[in-house]
Amino acid sequence: MNFADFRGHGYAAGEAARRYLAWRLGRRFGECVREPSEVVAMPPSERHLQAVWFDPALRPDGLRTREGDSVVVVHPGEWNTGAGPDFLQAELVIGGHRVRGDVEVHLSPGDWTLHGHGRDERYRQVVAHVTWFGGAVPSSLPFGAASLVLSDFADAGALFDAIDASRYPRAALGGGVKPCRARLGGDVERVFGLLAAAGSWRIQGKAARLGFRLANGEAPERVLYSAVLTALGHVQYTVSFHRLADRVWPCAGESRDSLLAALLGEAGLLPVQVEGVDMETAGMVRRLWDLWFPRSDGPLGAPIPRGRGAVRPANLPWRRLAAGAALLHNPAGFLGGLEGFAIEGRGWFGEVSRWLGMGSSWPFWEQRATLCSRPGRRVALLGKGRIGGLLLNALVPFELARGRFPEALLCELPAEESSSAQMEVAEALLGADGLRDGRLRSGLVQQGLVQIRNDFCSVGGGACACCLVARGEGECNYSR
């Protein structure tokens, strides 16, 4: 697929990422000196920070106010997708005193003043102002409202990459022609230029977070192991998979069976008993328990919650972890295999994709979804879309972080499995007829759709009239 129209904008991928950031922050490009590497300490969007506050699986422990008072979240509040504070009727215990009220979440403390909340009656019941960055406490906060800085308690390095913001409560974009599409005036080239820049920013951010870990002395094979295992998790399980990567590291000479036993054991996915299964499945369960039992030494470190909505059998965690064990039981060997492919052009994607497909082959698991299911039709552990996801979310950012991946190749990224959230944004920008445009099957454009949704469509209760895209602000014109 030819993306010469993207390259024709005259921006290198890194420059496109910086221009997108400048436009997103409403600043002139010359004033926006932040490099993509500086995204390490910055959440991808305010939406992600709201997800961290809302979800107890993401919210860090040991929270304290800026004055040092302990904070216990009894209830984070009802997620408000309309006007007013982000979370309504929260219940907190601050310094031993129980308080009830609303919670407002911002990236920086100054956003409270910038958004005019101090003059807005709807914000008079705010009892906690939660931010990612520190800074001067706004003088117009309601009396007694607590200030919390989440970056003091959480590591942004991989946490935010593991969050799919579209999973959390959000306002639907609704029907009709969106203001952003009207503002862009049907200029399809400009839309795809914007999406390419947003996608570049998103991928550069992933690379920056991996690069931060490498720069701090973490072994490359360990960083790659963590990135790949996290990327294998279905959207409902990515945080759990990331925690598993932190808890389980292959021993020297580890087999794929023994690594899988450790992963399933830590995740609480080994069945205590199985009934009505074939002999091969029963034998696999016994073998995995024999391998896991000597390593189990206490409470589960990264249990995967059950019953989190409908998941296709091919995406269940047993199969995804089996693919991870097949690929990663020898992390140094996996890294060496990746380094054996010369990155000289778009052919690299096909070569690495075939390598991943062959490396993840495991006949037992290709016929089963869980350890309690009978064998069925054979389905590869990693299909074309999932391999595309590994390239987008793990291998390409890793090689970018090490300076081995040329930025020009970002325009050739293969697609991953598309989501309804991506298509919703695409229809808002291009209209229903635009959904047939083949460029939507580009991995770079898909990443741009996710970034635009996280930055704009998922915030402010879906208030399109307040959106930067709809208002056309910023000086970045992506259709030079």
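**Exercises on salt bridges and a buried strand**

Arg368 and Glu280 form a salt bridge, in which the closest N and O atoms are 3.3 Å apart. This is a predicted model, in which local features need pLDDT of at least 70 and side-chain atom pairs count only at pLDDT 80 or more, while totals for chains, interfaces and linings use all residues. Residues are numbered from 1 along each chain as its sequence is written, and side-chain values use heavy atoms, with hydrogens and water left out.

**Exercise 1.** Work out which parts of the chain the pair Arg368 and Glu280 ties together.

*Solution.* Begin with the term: a salt bridge is a side-chain nitrogen of Lys or Arg within 4 Å of a carboxyl oxygen of Asp or Glu. Next, place the residues: Arg368 lies in the loop between helix 15 and helix 16 and Glu280 in helix 11, so the pair joins parts that are 88 residues apart in sequence. Helices (H or I, at least four residues) and strands (E, at least two) are DSSP runs, numbered from the N terminus.

**Exercise 2.** Decide whether Arg368 is buried or exposed, and do likewise for Glu280.

*Solution.* Buried means under 20% relative accessible area, exposed over 50%, and partly exposed in between (1.4 Å probe, protein chains only). Arg368, at 2%, is therefore buried, whereas Glu280, at 48%, is partly exposed.

**Exercise 3.** Explain why strand 5 is largely enclosed, and name its paired strands.

*Solution.* Six of the six residues of strand 5 (residues 126–131) are buried, so the rest of the structure largely encloses this strand. Two strands pair if DSSP finds at least two bridges between them; five bridges join strand 5 to strand 4 in parallel, and four join strand 5 to strand 6, also in parallel.
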